[in-house]
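Colleague: I am new to this structure. Could you walk me through how to read its features?

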Amino acid sequence: MPATIRASSEGLRLIDKARRVKGWAKRDKVWADLVPTSLSTLGRFWLGFNVQQETFQGICNAVGIEDWQSIADFDGTRYFSKKIYTERLSFAIQGSIEKIDKHRLESISALLQQITGDTEIVILDVEEGSIKLTLGGSPESLRRIETLYNSGKLTEVLGISVLDVHILEKNELIQSIKNNSDSVLTLSGANLSGVDLNGTNLSGSDLIMSDLSGSDLSGSDLSGADLRWADLNGANLRETNLCGADLGGADLSEADLRGANLSEADLRGGDISRANLSRANLSWTILRNAFFIGANFRRANLSQANLSGANLSEANIDEADVVRNAVFISVEGVSVQVKRSLQKRGAIFNDPPPPEERGLYRVS
């Protein structure tokens, strides 16, 4: 079951019918309070954006629809891709979320693609007020849109009233994240180095290849987030919830992960060198082929973790509290003495089988 869900067109029609019976507006505070969620997220739901599964269910249940699966679009694709966007454009148009739907947004996106000749122009986010869209695309295309606005031609070309267009500065992007922290955000490739996002909800968000080096994400919720190849070097991740997150290939070197929940996360191929994993929960975590050179595992929970092929040189792995059923196969940097100590506590060390038997070999 996906962590985030969007409504289908038919689902939105059924929800619309149900909320009319209640006498509620599409963004009714009573409705939002019952879920509970924000009016902003309720607006995104109506525009066809993904929202957290729990929020999605709450929106449906509040209007008397228990079968929320019938409202969901599990197979449909959103009208933007997973392309990496290193720059974003703020694009404000006249109107309100009450008077716009996802088909209108798709039309705007299509027109902008036509104007720039860039089929990768997409709508990444929508904010309140006079509708502010956050666009992703190539830097050249985004600047072309900005130039057209500054010349006064954009409103004429699009046939809609455009109030403001400008490239987002880092501080604006950070504020947008904090304002919409109860929504699923697409932040792939974003430069968020050194930012303070302490306690922010980024659960399920797309942060592929984002630069979060030196950032403060302590106490934040990044469960189920896509952080593949993200730069988290030196980041503060104390007590951060990374349960089920995909951190494949991520740079977590020198990161502070004390007390972090990494259970069922995927860190294969990641660089966790010199990271502080004291008291971290790494149960059922995939740590295959990761680099833990000089990492601190004091009081960490490694039960059922898979460390096959990991480099543990100079790591104080023997100080982990729980290692039962942790799998160590072809690991580097573990002395015979430490190996024996870990085995006595339930860790599993297996040498690779001969080539003729590898077809039957399985790593738990």
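Modeller: Start with a term. Contact means heavy atoms within 4.5 Å. Keep in mind that this is a predicted model.

Colleague: Then which strands does helix α6 lie across, and at what angle does the helix run to β6?

Modeller: Helix α6 covers residues 139–150 and lies across β3, β5 and β6. Its direction makes an angle of about 140° with β6. Strand β5 spans 132–136.

Colleague: In what order do the strands of the sheet come?

Modeller: Two strands pair if at least two bridges are found between them. Here four strands form an open sheet, ordered β4-β5-β3-β6, with antiparallel pairing. At the edges are β4 (122–127) and β6 (162–167), and each of them pairs on one side only. From one strand to the next, the twist averages 20°.

Colleague: How many bridges link β3 and β6?

Modeller: Five bridges, in the antiparallel sense. Strand β3 holds residues 88–93. For a landmark, find phenylalanine 91: it stands opposite valine 165 in β6.

Colleague: And how many bridges join β4 to β5?

Modeller: Five bridges join that pair, and the two strands run antiparallel. Look for glutamate 127, which stands opposite lysine 132 in β5.

Colleague: Next, helix pairs. What describes the packing of two helices?

Modeller: Two packed helices are described by the angle between their axes and by the distance between the axes. Take helix α5, residues 102–116, and α6: their axes come within 10 Å and cross at roughly 95°.

Colleague: Which residues make the contact?

Modeller: On α5, Leu112, Ile115 and Thr116. On α6, Ser141, Arg144, Ile145 and Leu148. Sorted by class, the contact has four nonpolar, two polar and one charged residues.

Colleague: What about disulfides: how many does a search of the whole structure find?

Modeller: A disulfide is a covalent bond between the sulfur atoms of two cysteines. The search of the whole structure finds zero. Still, look at two cysteines. Cysteine 60 is buried, at 0% relative accessible area. Cysteine 243 is partly exposed, at 28%.

Colleague: Now the backbone. Where is there a cis peptide bond?

Modeller: Check omega. Between valine 35 and proline 36, omega is about -10°, and the peptide bond is cis. Proline 36 sits in the loop between α2 (29–34) and α3 (39–46).

Colleague: Phi next. What is the phi of glutamate 254?

Modeller: Near 60°, a positive value in a residue other than glycine. Glutamate 254 lies in the loop between α8 (170–179) and β7 (327–328). With 45% relative accessibility, this glutamate counts as partly exposed.

Colleague: And tryptophan 284: where is its place in the structure?

Modeller: In the loop between α8 and β7. Tryptophan 284 has a positive phi of about 60°, although it is not a glycine.

Colleague: Is tryptophan 284 buried or exposed?

Modeller: Exposed means over 50% relative accessible area. Tryptophan 284 has 54%, so it counts as exposed.

Note on methods:
Residues are numbered from 1 along each chain as its sequence is written. This is a predicted model: local features need pLDDT of at least 70, side-chain atom pairs count only at pLDDT 80 or more; totals for chains, interfaces and linings use all residues. Side-chain values use heavy atoms; hydrogens and water are left out. Axes are lines fitted to C-alpha atoms, for helices over the stretch in contact, and angles run from 0 to 180 degrees between N-to-C directions. A disulfide is a pair of cysteine sulfur atoms within 2.5 Å. Buried means under 20% relative accessible area, exposed over 50%, partly exposed in between (1.4 Å probe, protein chains only). Ala, Val, Leu, Ile, Met, Phe, Trp, Tyr, Cys and Pro count as nonpolar, Asp, Glu, Lys and Arg as charged, and the others, Gly among them, as polar.
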